[in-house]
Amino acid sequence: MRRLAVLVGSILAVTLVSAASAQGPVTIQLNEANKSGVSGEAILTDAGNNQTKVEFFMITAPVGAIEPANVNAGQCGSSLGAVAFKLGNVQYDTLTATVNAPIASLQTGGLAINVAASATDATSVACGAIPAIGGASAAAPAAAAAAPA
């Protein structure tokens, strides 16, 4: 009977650890910046293999716009910092990219998703903070490349 109790306890512990480490999608509202009229959302999803899938759905982007999107250090507005991960160009209101970093490493509270006006105009047109998960610090990860999917 004791072996059964230990076995059931072990199975329960493994199940709880697996459930706690599973990361569901994180939706980030991309709010208008600099009176651009552009807004939308980005959804971060655990892609496995220490990668994160980022999907953009722009609601009010100008027709035909090609807008570069990045994960930046800092927060939207005057504290927006350097590019941490290049994501690619939002075209026809969408973009799907893969970041070579686990989703939890993006949830430090020190990163934001930024969409720029064009390849030649870095003015922010939409931006949203990536929320921190419990116990995370505000340190941004080292810059790395992202591969558009």
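Colleague: Is Asn-70 buried or exposed?

Modeller: Keep in mind that this is a predicted model, where local features need pLDDT of at least 70, side-chain atom pairs count only at pLDDT 80 or more, and totals for chains, interfaces and linings use all residues. Residues are numbered from 1 along each chain as its sequence is written, and side-chain values use heavy atoms, with hydrogens and water left out. Asn-70 sits in strand 4, residues 66-73 (strands are DSSP runs of E, at least two residues, numbered from the N terminus; helices are runs of H or I, at least four residues). Its relative accessible area is 13%, and the scale goes buried under 20%, exposed over 50%, partly exposed in between, with a 1.4 Å probe and protein chains only, so Asn-70 is buried.

Colleague: Which residues does Asn-70 touch, leaving out those up to four places away in sequence?

Modeller: A contact here means heavy atoms within 4.5 Å. On that basis, Asn-70 touches Val-83, Phe-85, Lys-86, Leu-87, Ala-112, Ile-113 and Asn-114.

Colleague: And how are strand 2 and strand 3 joined?

Modeller: Two strands pair if DSSP finds at least two bridges between them. Strand 3 covers residues 51-58, and strand 2 runs antiparallel to it. One facing couple is Glu-41 and Phe-57, the latter in strand 3. The number of bridges joining the two strands is 8.

Colleague: What's the phi of Asn-49, in the loop between those two strands?

Modeller: Asn-49 lies in the hairpin of strand 2 and strand 3, which has 2 residues between the strands. With 74% relative accessible area, Asn-49 is exposed. Its phi is positive, in a residue other than glycine, and is near 50°.

Colleague: Which residue meets Lys-53 in a salt bridge?

Modeller: A salt bridge needs a side-chain nitrogen of Lys or Arg within 4 Å of a carboxyl oxygen of Asp or Glu, and a search of the whole structure turns up 1. Lys-53 itself is partly exposed, at 32% relative accessibility. The N to O distance is 3.9 Å, and the partner is Glu-55.
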